Amino acid sequence: MSIILNNISKSYGKVKALEDISFEVKPGELFGLIGPDGAGKTTLFRILTTLLIQDGGSASVAGYDVLKQYKEIRNHVGYMPGRFSLYQDLTVEENLNFFATIFGTTIVENYDLIKDIYVQIEPFKNRRAGKLSGGMKQKLALCCALIHKPKVLFLDEPTTGVDPVSRKEFWEMLKRLQQKDITILVSTPYMDEAELCDRIALITDGKILEINTPEAIKASFPKKIYKVRTSQTYQLIIDLRSYPETYSAYPFGEYLHFTPKTASFLAEDLEKYLKLRQHKGIEVMETVATIEDTFMDLSRANELVGKLKGDNFLKT
């Protein structure tokens with residue numbers, strides 16, 4: 001395995017950032033760590049790239065232990081942190097040469113690996129990095145992370161704050177890199193990007209909720225789900241959450257995703273309920289679950305478990 005984690009835990013004071021995290025990433029796999037801000041993604045990346053020491057558990061990257069063999073790991077991984085961290089007063093070319101020199105290589109030696117990405121920023125090679133657009137900064141950071149031909153690539157929310165076109169281009173680049181036998185661990189808060197990974201781990205509050213392929217995670221959603229829309233969106237949210245048959249209801253694009261409590265639910269009953277509350281333009285249609293639907297459901301269950309544990313603790 002390229003990456004192995006066994007019961008990794010990390011706390012900051014009383015806050016548990018990671019709690020017994022365990023999973024494996026296969027060689028050549030594009031593995032996604034999916035979760036909201038504050039879920040623990042960056043803390044986990046910093047542990048795996050030897051920038052932070054875990055409180056408990058063990059981990060290895062490219063066959064090296066993150067504590068005992070941290071120097072070897074640093075020579076075999078590429079890391080692109082969430083914030084643009086290159087030297088903003090250096091030009092594109094100067095940044096690339098700097099990182100190549102650190103790793104004892106040259107741009108020419110590994111040019112084939114970065115060629116598809118670098119040709120897009122080469123016209124700006126004499127521009128200072130701080131003056132690049134968000135998409136160009138992202139491409140430069142990826143080139144610098146790849147310049148020493150790493151075995152494993154860590155990308156921490158690489159498309160946050162980037163326009164949709166650049167996001168699409170970035171994921172196309174990742175797919176091409178995967179074909180060059182580079183293992184990729186990428187984190188993102190975007191559920192649509194999760195669909196592009198081979199496997200994903202859903203994480204929230206420092207806990208792994210589920211690990212599987214995107215298709216399997218969507219198929220695991222346990223209930224029927226409906227998309228609902230009326231001409232009064234805000235009031236619809238209030239009325240759906242007051243509806244006795246509601247298990248969950250939350251905004252999803254121009255619709256609300258509604259999950260009933262029971263399998264015997266009839267869409268006609270909901271339509272009647274909404275008409276009684278003066279809604280117009282009512283649409284109620286069964287739909288297929290998305291990764292976001294599954295994530296919301298698993299998060300809800302995780303919160304309930306945490307609440308029960310808290311209640312039991314108070315009783316003791």
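**Reading the strands**

Mentor: Let us begin with a pair of strands: 6 bridges join E12 to E13, and these two strands run antiparallel. Strands (E, at least two residues) and helices (H or I, at least four) are DSSP runs, numbered from the N terminus, and two strands pair if DSSP finds at least two bridges between them. This is a predicted model, in which local features need pLDDT of at least 70 and side-chain atom pairs count only at pLDDT 80 or more, while totals for chains, interfaces and linings use all residues. Residues are numbered from 1 along each chain as its sequence is written, and side-chain values use heavy atoms, with hydrogens and water left out.

Trainee: How many of the residues of E13 are buried?

Mentor: The general idea is relative accessible area, found with a 1.4 Å probe on protein chains only: buried means under 20%, exposed over 50%, and partly exposed in between. In E13, 6 of its 6 residues are buried. Tyr 255, His 257 and Thr 259 point one way from the strand, whereas Leu 256, Phe 258 and Pro 260 point the other way. Of the 316 residues of the whole chain, 46% count as buried.

Trainee: Which elements do the buried residues of helix H9 pack against?

Mentor: Packing is read from contacts, where contact means heavy atoms within 4.5 Å. The buried residues of H9 (residues 233-242) are Leu 236, Ile 237, Asp 239 and Leu 240, and they pack against E11 (225-229), E12, E13 (255-260) and helix H10 (267-276).

Trainee: In what order do the 4 strands of the open sheet come?

Mentor: The order in that open sheet is E2-E1-E4-E5, with antiparallel pairing. The strands at its edges are E2 (15-25) and E5 (64-65), each of which pairs on one side only. Between E1 (residues 3-12) and E2 there are 7 bridges, and Ile 8 has Ile 21 in E2 as its bridge partner. Helix H1 (residues 41-48) lies across E1, E2 and E4 (56-61), running at about 120° to E1.

**Reading the spaces**

Trainee: What is the volume of the largest pocket, and what is that of the largest cavity?

Mentor: Rolling a probe the size of a water molecule over the atoms shows where empty space is left. On a 1 Å grid over the protein atoms alone, a cavity is a set of points where a 1.4 Å probe fits but cannot get out, a pocket is an open set with protein on both sides within 12 Å along at least five of seven lines, and lining residues have an atom within 4 Å of a point. Grid points are joined across faces, edges and corners, and a volume is the space filled by probe spheres set on the points. The largest pocket has a volume of about 660 Å³, and the largest cavity has one of about 50 Å³.

Trainee: Which residues lie nearest the centre of the largest pocket?

Mentor: Of the 30 residues lining the largest pocket, Tyr 79, Met 80, Pro 81, Ser 85 and Leu 86 lie nearest its centre. Helix H5 gives the largest share of this lining, 6 residues. The largest cavity is lined by Leu 113, Asp 116, Ile 117, Met 173, Arg 176, Leu 177 and Lys 180, and helices H4 (111-121) and H6 (164-178) each supply at least two residues of its lining.

Definitions and conventions: Axes fitted to C-alpha atoms, helices over the stretch in contact; angles between N-to-C directions.
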